[in-house]
Amino acid sequence: MLDMKLEKAWFAKALLLAVVLVFPLTACAAASAPAPSPAPVAERAPQAAAVAGEAVPTPAEVIGFDPGEDYKLADWDQLLTYYQRLAESSDRVELVEIGRSIQDRPMVLLFISSAENVAQLERWRSISQRLGRAEGLTDAEARRLAAEGKVLVWIDAGLHSSEVATAQHAPHLAHHVATDESEESRRIREDVVLLLMPMMNPDGHEIVVDWYRRHLGTPYETSRTPWVYHEYVGHDINRDWYMFRQQETQVVGRVLYEDWLPQIVFNHHQTAPFPARIFIPPFADPVNPLIDPRVVRGANLVGEHMAHRFDMEGMSGVVSGISFTMWWNGGMRTAPYFHNQIGILSEVAHASATPRYHDPEDFPLTFGRGLPTLEPSIRYPNPWRGGRASLGQAVEYHLVSSLGTLDVAQKNKEDFLYNFYQMGRDAVAAGEAGGPFAYVVSLDDQHDPGEAVELLNTLRRGGLEVERATSSFEAGGRRFPAGSYVMRAGQAFRAHLLDMLEPQEHPHRELYPGGPPEPPYGGLAGYTVSMQMGVSVVRVDDAFRFAGEPVHRVPSPGARVTGSGDVWLVSPNENRSATAMVGLLEAGVRVDRATSGLQAGDRVMPAGTLVARWPGTASAAGTVEAVLSELDVSAHRTGAVPEVAMQPVSMPRIGIYRPWTGNMDEGWTRWLLGHYGLPYRALSNEEIRGGGLADVDVLLFASQGAESILQGHPPGRMPSEFTGGVGEEGVEALRRWVEAGGRVVALDGATDFLMAQFDIPVSNALAGIGRRDFFIPGSLVRLAVDRDHPVGFGMQEEAAAFFQNSRAFEITAPGPEAVARYGERDILLSGWEIGAEHLAGLPAVVRAPYGDGDVVLIGFRAQFRGQPAGTFKLLFNALTGEGL
């Protein structure tokens, strides 16, 4: 590592200082005396023995430079090569490929401990499983296992790719733990198994490193990439830890919540509130009441231990207790709380390989809600005084926090392991006492059985136990059929189960007494997954008996086909009906859409039903059945075409606006359409201005600010090819295209752009209402849908809309149609609201004619982070429906 020397051994018992040659960090002279450079940490003590027949290489010996050097970033190939060499040369390290990224790069996990421990990894995993699940153990047996076992500590890097120091610190941590021969490192290897995940998002890392290298030495050296740093979701890769929609989160979630169950999960980041150098626990309020208090105490213990280590090392600028809370269950470090794991977060300053000087005279007076920047305070007792900030310094802070976590884990090994058991034991007992006792999902009760299966598998990916009833049973005053799925509340991860299926009630919080509301961390207050997905889940409070079998993954309900004949009716209720529509059209099948409800024999089908048959007189039976079977979409067969008004369906030509601002909502939308098999093409600013609209029938703007769409990056901020937005020329091209028959669709923030640029009698009814009077941050609200409107086909009459400071509309003249409205009463379903009555009955989704085309405004994000499956069809219908 750049400028890294032997670690000063700070621990009280040893007081041993190993001395090596010291090279001071390069620093610019400060206008006022800056804080001293942090005490350096060793790469490897000279006495560390080589293992497995060859010298254990340092990162620099393999990569060619020390990760952390100014103006240099190691890419994933270089880092992976180092980890492979490290594992080959040391029997204290085992490298396992645990999966692949969405762009097919390897995702690896390093197990680092003593050679004896590495040889017995399955033993330590089994003990962790038994303690974490807390099943079939007495307290005495758990005590014995806690004494016998090893504490498992997960430390990861590289999740947010733009936060470059996290991944550059990981090879130094791996080398130090594997080779250092200080007393502290020996103790750690004896009692701790480090699960080091050195790169959580390898695709994003390559995007960021390539961009930096290409623009090094230019005015754009420190600019951000114009794309999200992932195939789809960028920063939101850290917002997917209960839904597991992305391939990378599924890979990691399997290790965390199904296979290994580490007691401590340390998630490294780089957005320290300036001028602090690092944020570490304790966290800020509020705390989700489902989280066990021992989790909170554990996070506080680890954070205070790290803080003490920083002080002993002379490393200033450590802040705690601000900004980052313990409420929401969707982040890499917050989801563990609901699994009885100690989730730890670091947020280190200076996320760049380009150094920078900070003059303390330019500091703000306060930060973090009133903390003085240059005076000691309880949460910031040793302020950073300014000076040179560099990648090497950031790597130091990451490394010291990682070593502090390993040290406190070792010193409290048995307590961490036994507490892990205790929390699971108490959760099981609480669930067995009832209220709730269990939750039941019957596929027979579902509006969309496929999404019910998806919910169950989402819960399984989160480590929850799901059982399938092998016979019918009675519970909560009703009878459930065989094949129903039961989630007992009496399981170790009860907190996670309840948080997924029960409404959240976020506390009312103000920035100051009598002031405006304090936005929740991450902007999320309520997120009940069963509500978002539109799945019927029955809560049963009293105990009941049933015969069941555990399931690993819930299988698809399959394509259930009823009736007979050459005409196939596909219900629009299933989200996969959109997939079926595309598959049937690709197979050459004729598809029409019924514009009203219909009856075929004894089967009543809703408006929007797809009617599939072979063109002409030939039978389409084999082709249709093959398509539906492959896609697991159900249908009803009949012998005659229903006598109802229908509209021919053609293959949709969908365009998605793709700006140069790295819009995550656009990325999630691409993921969603790809997941459901809807073809699309991305259109840039240049293509919209240059005739690209001729190649699409519908254009979608994902949620984005109106000014950002219109103007994009200003000149000089990015290379010229990535500056600017749609511009006036693009707006005029859009208007002409819609007037000629095109459809433009906007989500949430992007509706402001369409309302401003198109002469339609629709406005934002919430504009001008202050936060003291109206505030709904990241919550679920009631939505009433017109199921007979083409944009509402297949929806439930009531749904949960994800509202995050979103839009409601006012229609000011005849013409536009309200497809969906916010509820008239009991508007909040989950989360937090101030003044929800301002939403009552207002249009939430509007279709407005414009020339021969139309404008569709969806006032909320119907596809928010791939979660609200109950509102996906509003988007699917807008992109594929009537008039296209």
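Predicted model: local features only at pLDDT ≥ 70, side-chain atom pairs only at ≥ 80, totals over all residues.
**Strands, rings and a covered helix**

Colleague: Which residue in β36 is the bridge partner of Ser 779?
Modeller: Residues are numbered from 1 along each chain as its sequence is written, and side-chain values use heavy atoms, leaving out hydrogens and water. Strands β35 (residues 779-785) and β36 (residues 798-803) pair in the antiparallel sense over six bridges; pairing takes at least two DSSP bridges, and the elements are DSSP runs (helices H or I, at least four residues; strands E, at least two) numbered from the N terminus. In β36, Ser 779 has as its bridge partner Phe 803.

Colleague: How many aromatic pairs does the count come to?
Modeller: Rings of Phe, Tyr and Trp (its six-membered ring) pair if their centres lie within 6.5 Å; planes under 30 degrees apart are stacked, over 60 edge-to-face and the rest tilted. By that rule, the count of aromatic pairs is 35.

Colleague: Are the rings of Trp 211 and Trp 227 stacked or edge-to-face?
Modeller: Trp 211 sits in helix α8 (residues 202-215) and Trp 227 in the loop between α8 and α9 (247-259), so the pair ties together parts 16 residues apart in sequence. Their centres are 5.6 Å apart and their planes at 90 degrees, so the pair is edge-to-face.

Colleague: What is the relative accessibility of Trp 227?
Modeller: Buried means under 20% relative accessible area, exposed over 50%, and partly exposed in between (1.4 Å probe, protein chains only). Trp 211 is buried at 2%. Trp 227 counts as partly exposed, with a relative accessibility of 27%.

Colleague: How many residues of helix α14 are buried?
Modeller: They include Arg 494, His 496 and Asp 499. The buried residues pack against α12 (413-432), β15 (438-441), α13 (449-461), β19 (485-488) and α15 (529-533). Of the eight residues in α14 (494-501), the number buried is eight.

Colleague: Over which residues is the pLDDT below 50?
Modeller: The chain averages a pLDDT of 93, and 93% of the residues score at least 70. The pLDDT is below 50 over residues 1-53.

Notes: Contact = heavy atoms within 4.5 Å. pLDDT = per-residue confidence, 0-100.
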